[in-house]
Structure formats: structure tokens, C-alpha cells
Amino acid sequence: MVLRELELRHFRNLGVQELRFPPEGVAVIGDNAQGKTNLLEAIYYLESFRSFRGAGDAELTAFSEDVFYVKGSVDGDRPTTVSAGFDRKRRKKKVSVDGTDAVRISSALGRLGAVVFSPSDVELVSGGPQARRRFLDIVLSLNRNGYVKALMGYRKALAQRNAALKANAGAASVGAWDEGLVGNGARVTHLRHEWTTTWSAPFSEYCDSISKCDPVGLVYRPDLGRSGDGADTGAESFGADEGRIRERFRARLAESWETDLRRGVTTAGPHRDDLLLTIASRGRSLAARTYGSGGQRRTTALALRLTEAATIRRERGTEPILLLDDAFAELDEGRSRQVMELLSSEGTGQVVLTAPKESDARLRGPALERWRIREGVIEA
């Protein structure tokens with residue numbers, strides 16, 4: 001995938017600009033707080049229609065404006081134009097592909113095949129389960145057919161069930177949402193488990209390649225409770241059988257019924273899952289979040305992003321666009337060199353990287369064209 005042109009209208013501090021990107025990519029050089037990350041955010045918005053920094057659409061609109069608009073032309077198997085805009089006053093988002101408005105935003109997802117590498121990715125490891133669930137949801141929404149539909153169906157049923165619980169509406173009203181919760185939730189669990197099983201070994205290999213340290217593991221832990229004998233009932237216990245996951249989810253809802261009534265919220269389901277990142281040390285499996293060093297946590301986060309890029313290669317059959325937001329800033333020289341070698345050996349896709357100074361733009365050396373940015377204005 002190659003981003004050929006990008007049109008910007010009042011996205012953060014980027015003003016009104018039209019940019020043409022070289023096929024191999026660019027290195028964007030500028031001091032902090034000039035808009036480097038905003039540029040990568042605008043590009044990735046055309047992939048997921050959300051900020052990779054977690055900002056709301058209103059926050060992405062320039063302070064003095066009511067509307068932002070981003071449009072990108074992408075070359076791949078078939079040239080594609082994707083655009084997105086948001087009206088802050090009307091609180092309305094509009095997305096189109098090749099000039100046709102998307103009936104559902106979900107149908108326009110994943111047109112760029114972009115992956116963002118950022119120093120803030122360490123929160124995937126250091127943060128709580130919500131950050132890792134979000135990572136799984138994004139990767140699968142962009143790369144697996146049917147995941148978005150199941151996830152949206154699950155969230156809708158969950159919201160309705162929680163509303164009935166909060167209103168103390170009674171068992172029949174609450175239970176009316178259980179089948180939608182179970183059916184969609186089992187599908188979400190199944191696809192999350194399938195992805196983790198497929199990519200746990202490559203993920204560990206990436207970690208080992210970046211930093212020769214204690215082995216790092218990737219394990220999906222769904223919230224399915226415990227079986228009658230007290231053993232953990234993770235998805236692997238069912239051989240990833242979606243039908244058996246549904247059965248266990250129904251039992252889990254029954255087990256948590258009294259707790260749900262007391263708390264007024266659904267306490268079991270995929271919204272409570274975790275993606276466990278573990279470090280094997282002296283025969284023990286330790287949580288990277290708690291026991292990993294700063295270097296180990298950064299290595300683990302980079303390996304997750306490399307795994308995301310590899311998922312795009314396998315699922316879409318194309319080289320992803322790599323968006324590197326000063327990604328090596330907090331890495332030592334050895335890890336930086338290993339990551340750059342991995343990125344170079346894995347593929348030859350387009351790269352858009354940012355750096356505060358010329359010497360930090362090391363990936364592919366002088367092959368990348370240099371752009372400058374100051375107060376949001378890019379000089380190509």
C-alpha cells in the first residue's frame with residue numbers, strides 16, 4: 001500500500017495543505033509540538049476513523065474551526081480514495097470511499113493498511129486490560145471479516161442489558177438480551193483466541209530478535225470463569241469451539257446473576273477479557289506489566305506492533321504503510337538497530353517517520369526524502 005496524496009483541512013494544527021508522498025515514504029523532521037504526530041494521526045484516521053491517541057473527533061478539529069476534513073489517495077491492488085470529515089456543531093462524521101458515502105463506517109475500515117509505532121505504545125504493556133482489549137479490537141476489526149459486526153452486536157446487547165439491570169427491570173427484561181450477548185460475545189472470544197493462537201509464536205520471536213532476554217509470551221485470557229473442578233476455563237479449554245464457548249458464557253452469566261443484580265451491571269463477558277503478556281524467568285511466568293524492566297516493556301510493545309504489521313501482510317496480502325512516531329526515542333542503540341533491521345527485513349512498504357532531528361531519521365538512511373514541519377506547516 002502506498003499513500004500517494006493527502007489533503008488536509010483544519011485537522012488539529014495542520015491547517016489547509018495538500019501533500020504528495022514519494023512511494024518509499026518520507027522522514028518528517030521538526031521540533032516537538034510542531035505537528036509531527038498530528039500528521040501521522042491524520043493519515044491513520046483514514047485507516048480506522050479514530051485517533052490512535054484516543055482523542056475524540058471534536059478534539060481533532062482546529063480550535064477556530066467547526067469542521068475538519070482529511071482525504072487520501074492510496075495505490076494498491078486497486079487505487080482507492082478515502083475521505084473523512086467531522087462537523088463539531090452537528091456532531092456528525094461522514095466517511096466516503098471513491099466518492100461514495102459509506103452507509104456504515106465499518107464498511108470503509110482498513111483501506112490504507114497502516115500501522116502506527118509510537119513511544120506511547122508502552123501503555124499496551126504497562127496499562128490495564130482495557131488498553132490490550134482495544135489493541136485486539138482494532139487489529140481484528142481491520143483484518144478479520146465479521147469481527148466488527150460481532151463486536152458492535154455485543155456492545156449493543158451489553159448496553160441494553162446494563163440499562164435493564166440499572167433500572168431493576170426484572171429477570172425477564174434483563175434476560176431478553178442474553179442471547180444477543182452470548183452469540184456475539186462467543187464470536188468475539190473465538191476470533192480473539194484464534195488470532196492470539198496464530199501469532200503468539202511470531203510475537204515471541206520478534207521479542208527475542210529485538211532483545212535477547214527472558215522469553216516473552218502472549219496468552220489470551222477470556223472471562224469465562226472456572227469449571228466445576230475449579231480449573232480455569234480459558235478458550236483453549238474448549239479447543240476454540242465457538243459452540244462450547246457459548247455454553248460456558250451462558251453458565252457464566254447464570255453464575256454472576258446475583259452479583260449483576262447487586263451492582264447493576266454485567267460483570268462477565270469479553271468486555272472483561274485480557275491479553276496476557278508474560279516473561280518466563282527462572283521457571284516462573286511473570287506479568288510483563290509488573291515485572292518487566294523499562295526495556296522489556298518497550299520491546300514487548302514494539303513486538304505487538306510488528307505482529308500487527310505481519311497480520312496485515314497475511315490477511316490482506318499487501319505491505320502495510322509504517323507510521324513511525326519517533327519510535328526509537330526511548331530505545332537504547334542495540335534495540336534500535338535490531339528494530340530497524342527487522343523493519344527492513346520484514347518488508348519494503350512505504351514508511352512515514354517523524355523525528356526531532358536529522359540524525360534520528362535512521363531507517364533506510366538517506367533513501368527517505370526529508371520534509372520539515374514548523375507550526376503545522378510542512379515543507380516538502
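# Close-up views of a predicted model

Ring pairs tie Phe11, Tyr45, Phe49, Phe68 and Phe86 together into a cluster. This is a predicted model, in which local features need pLDDT of at least 70 and side-chain atom pairs count only at pLDDT 80 or more, while totals for chains, interfaces and linings use all residues. Residues are numbered from 1 along each chain as its sequence is written, and side-chain values use heavy atoms, with hydrogens and water left out.

**View 1. Tyrosine 45 pairs with phenylalanine 11 and with phenylalanine 68.** Rings of Phe, Tyr and Trp (its six-membered ring) pair if their centres lie within 6.5 Å; planes under 30 degrees apart are called stacked, over 60 edge-to-face, and the rest tilted. That rule gives nine aromatic pairs. In one of them, phenylalanine 11 and tyrosine 45 have ring centres 6.1 Å apart and planes at 65 degrees, so they meet edge-to-face. This pair links distant parts of the chain, 34 residues apart: phenylalanine 11 is in the loop between β1 (2-9) and β2 (16-20), and tyrosine 45 is in helix α1. Tyrosine 45 and phenylalanine 68 are edge-to-face too, because their centres are 5.4 Å apart and their planes stand at 85 degrees. Here the link runs from helix α1 to strand β4 (residues 67-75), 23 residues apart. Are tyrosine 45 and phenylalanine 68 buried or exposed? Both are buried, where buried means under 20% relative accessible area, exposed means over 50%, and partly exposed is in between (1.4 Å probe, protein chains only).

**View 2. Helix α1 lies across β1, β2, β4, β5 and β6.** Helices (H or I, at least four residues) and strands (E, at least two) are DSSP runs, numbered from the N terminus. Helix α1 (residues 36-48) has 13 residues and spans 19 Å from its first C-alpha to its last, close to the 18 Å expected at 1.5 Å a residue; that expected span is 1.5 Å times one less than the number of residues. How many residues of α1 are buried? The count is 13 of its 13, so to speak a mostly covered helix. The helix runs at about 110 degrees to β1, with axes taken as lines fitted to C-alpha atoms (for helices over the stretch in contact) and angles going from 0 to 180 degrees between N-to-C directions. Phenylalanine 49 follows α1 and has a positive phi, near 60 degrees.

**View 3. Six strands form an open sheet in the order β2-β1-β4-β5-β6-β7.** The pairing is antiparallel, and two strands pair if DSSP finds at least two bridges between them. At the edges are β2 and β7 (100-101), each pairing on one side only. Six bridges connect β5 with strand β6 (residues 92-97), and alanine 84 sits opposite valine 95 in β6. Threonine 80 belongs to strand β5 (residues 80-87). Why does threonine 80 count as buried? Its relative accessibility is 10%, which is why threonine 80 counts as buried. Neighbours within four places in sequence aside, threonine 80 is in contact (heavy atoms within 4.5 Å) with Gly72, Ser73, Val74, Val97 and Asp98.

View 4. Strand β3 (residues 25-29) is largely enclosed by the rest of the structure, because five of its five residues are buried. Gly25, Ala27 and Ile29 point one way from β3, while Val26 and Val28 point the other way. β3 runs parallel to β13, joined by five bridges, with glycine 25 opposite valine 351. β3 also pairs in the parallel sense with strand β14 (residues 369-374) over four bridges, and there valine 26 faces glutamate 369.

**View 5. Helix α5 (residues 147-166) has 20 residues.** From first C-alpha to last, α5 reaches 28 Å, close to the 28 Å expected at 1.5 Å a residue. Its buried residues include Tyr147, Leu151, Tyr154 and Leu158. Among what covers the buried residues are α4 (129-143), α7 (178-210) and α8 (242-255). Just after α5, asparagine 168 has a positive phi of about 55 degrees.
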